[in-house]
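Subject: Structure handover

Hello,

Here is the structure I promised to pass on. Please open it and keep it in view while you read. My notes follow below it.

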Amino acid sequence: MTYVVTDNCIKCKYTDCVDVCPVDCFHEGPNFLVIDPDECIDCTLCVAECPAEAIYAEDDVPAGQEAFTALNAELAKLWPVIAERKDPLPDADNFNGQPGKLAELER
């Protein structure tokens, strides 16, 4: 089982999760992070560190967000690895918790 970054990360991009990942499985896009399912070792460390509560075990992805499993796998192949913590996006706190942000995902 792998872990999946879901909707609430979009337009927030907190990187606390990146800091604790022992295998550098996170990839960074313009306004979203994804987890490479081939690199994730299911350690669960990132889940507790995510201020947006956007990371779920693949089997626990909330209803209506199942597409994020495939999206993480797809985008991880295109985006570069992020291995160090960065500042979140400027308006991250304003967007944290807002539902339905998939249309705002920048590729």
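Start with a salt bridge: the side chains of D16 and R85 meet in one, at 2.8 Å from N to O. The term salt bridge means a side-chain nitrogen of Lys or Arg within 4 Å of a carboxyl oxygen of Asp or Glu. Side chains of opposite charge can pair when their charged atoms come close.

Before going on, note that this is a predicted model: local features need pLDDT of at least 70, side-chain atom pairs count only at pLDDT 80 or more, and totals for chains, interfaces and linings use all residues. Residues are numbered from 1 along each chain as its sequence is written, and side-chain values use heavy atoms, with hydrogens and water left out.

**Salt bridges**

How many salt bridges are there by this rule? The count is five.

Back to D16 and R85. The side chains of D16 and R85 form a salt bridge, and this pair links distant parts of the chain. D16 is in helix α1 (residues 16–20), while R85 is in the loop between α3 and α4; they are 69 residues apart. Helices (H or I, at least four residues) and strands (E, at least two) are DSSP runs, numbered from the N terminus.

Is D16 buried or exposed? D16 is buried, because its relative accessible area is 14%. Buried means under 20% relative accessible area, exposed means over 50%, and partly exposed is in between (1.4 Å probe, protein chains only). R85 has 49% relative accessibility, so it counts as partly exposed.

Next, look at E28 and K86. Their closest N and O atoms are 2.7 Å apart, and they form a salt bridge. This pair also links distant parts of the chain: E28 sits in strand β2 and K86 in the loop between α3 and α4, 58 residues apart. E28 is buried at 16% relative accessibility. K86 is partly exposed, with a relative accessible area of 44%. Which residues join in a network of salt bridges? They are K13, E28 and K86.

Now find R107 and E74. They form a salt bridge, with the closest N and O atoms 2.7 Å apart. R107 lies in the segment after α4 and E74 in helix α3, so the pair ties together parts that are 33 residues apart in sequence. R107 is exposed, with a relative accessible area of 55%. E74 is partly exposed at 38% relative accessibility.

**Aromatic pairs**

Rings of Phe, Tyr and Trp (its six-membered ring) pair if their centres lie within 6.5 Å; planes under 30 degrees apart count as stacked, over 60 as edge-to-face and the rest as tilted. By this rule there are two aromatic pairs.

F32 and F68 make an edge-to-face pair. Their centres are 6.0 Å apart, with 65° between the planes. Why does this pair tie together parts that are 36 residues apart in sequence? Because F32 lies in the loop between β2 (26–28) and β3, and F68 lies in helix α3 (residues 67–76). Both F32 and F68 are buried.

F32 also pairs with W79, again edge-to-face: 6.5 Å centre to centre, 80° between the planes. Here the link runs from the loop between β2 and β3, where F32 sits, to the loop between α3 and α4 (92–95), where W79 sits. The two residues are 47 apart. F32 has a relative accessible area of 0%, so it is buried. W79 is buried too, at 8% relative accessibility. F32, F68 and W79 form one aromatic cluster.

**The loop between β3 and α2**

D42 lies in the loop between β3 (33–35) and α2 (45–49). D42 is not a glycine, yet its phi is positive, at about 60°. D42 is partly exposed, with a relative accessible area of 33%.

T44 is in the loop between β3 and α2. Its phi is near 70°, a positive value in a residue other than glycine. At 38% relative accessibility, T44 counts as partly exposed.

Happy reading.
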